[in-house]
Amino acid sequence: MNAMQVKIEEAKAKGKVGLIPFLPAGFPDREQFWKELAELDAAGASVIEIGMPFSDPVADGPVVEKASLKCLADGINLTWILTELKKRKGQFKAALLLMGYLNPVYQYGLDKFGKDCAEAGVSGLIIADMPLEESGFVKNAIEPHNVALVPLIGLNTTKERMKLYADGAQGFCYFVSVLGTTGQRESLPARIKEKLAEAKEVFDIPIALGFGIKHPDQLAEFEGLMDAAVFGSALISHIQSGNSSASFMEPWK
């Protein structure tokens, strides 16, 4: 069982939703980033999602995009991320996940990427701009290193297509709550319940709800339909306002 699934299942066994905070690598700066990760880990994150900054982040809303582009301007790249994670391997209780886009991973070299992820303690990968039909060569390169390619599904994913994503899926399934980019939202689409129910029927790994998650109160109506929550924009805004990751996590515990 992939480490991400293990950690989410551990939270579920305690009657809790698995917490998956997202921060772009190097945000708000190189040194503070690691302090924020340590706080998120100590506060009970099941999985920590680390963004790989990219110049054309098509799935990201304005908050994440601005933060990621700043990190990119500061010289953050995949080599820095994996090198620094290797130095800290074993320091995090949470499973680690990298999220980004295909170009940097492809340019890095898929076989080298899988090997370096394993050496850095990374358990999963999300490629936001890669459809199922084009994902085989990435999965084949990283799965031998116990790095899972996390499937992304959403409101427009049919049950039949969910089954294709579910075939051999590991870690967890990421359910995108909106037909749009990341960002904080006051309310979520009504159809989410119906589609989450379908996903729970199809997948035998945990379901994580993300995009638009601002506060734990938003999750109450989806109890029993999802196992974990992903949040990024709200956390980034919280830190930008001079607050700590630890104080952000407090209401979610």
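**Exercise 1. In which strand is the place of Ile48? Is Ile48 buried or exposed? Which residues does Ile48 touch?**

This is a predicted model: local features need pLDDT of at least 70, side-chain atom pairs count only at pLDDT 80 or more, and totals for chains, interfaces and linings use all residues. Residues are numbered from 1 along each chain as its sequence is written, and side-chain values use heavy atoms, with hydrogens and water left out.

Step 1. Ile48 sits in strand β2, residues 47-51. Strands (E, at least two residues) and helices (H or I, at least four) are DSSP runs, numbered from the N terminus.

Step 2. The relative accessible area of Ile48 is 1%, so Ile48 is buried. Buried means under 20% relative accessible area, exposed over 50%, and partly exposed in between (1.4 Å probe, protein chains only).

Step 3. Leaving out residues up to four places away in sequence, Ile48 touches Pro21, Leu37, Leu40, Asp41, Phe92, Ala94, Ala95, Leu96 and Leu97. Contact means heavy atoms within 4.5 Å.

**Exercise 2. Describe the largest nonpolar core.**

Step 1. The largest nonpolar core has 93 residues. Such a core is a set of buried Ala, Val, Leu, Ile, Met, Phe, Trp, Tyr and Cys residues joined through side-chain atoms within 4.5 Å.

Step 2. Leu98, Phe113, Leu125 and Phe203 have the most contacts inside it.

Step 3. Phe203 touches Pro151, Ile153, Met162, Tyr165, Ala166, Ala169 and Cys173, residues up to four places away in sequence not counted.

Step 4. In soluble globular proteins, nonpolar side chains tend to be buried together.

**Exercise 3. How many salt bridges does the structure hold? Work through examples.**

Step 1. The structure holds 16 salt bridges. A salt bridge is a side-chain nitrogen of Lys or Arg within 4 Å of a carboxyl oxygen of Asp or Glu.

Step 2. Lys7 and Glu10 form one of them, at 3.8 Å, N to O. Both lie in helix α1 (residues 3-13), and because they are three residues apart, about one helical turn separates them. Lys7 is partly exposed at 24%; Glu10 is partly exposed at 39%.

Step 3. Lys70 and Asp74 also pair, at 2.8 Å, N to O. Lys70 is partly exposed at 39%, and Asp74 is partly exposed at 34%.

Step 4. A network of salt bridges links Lys86, Lys112, Lys115, Asp116 and Glu119.
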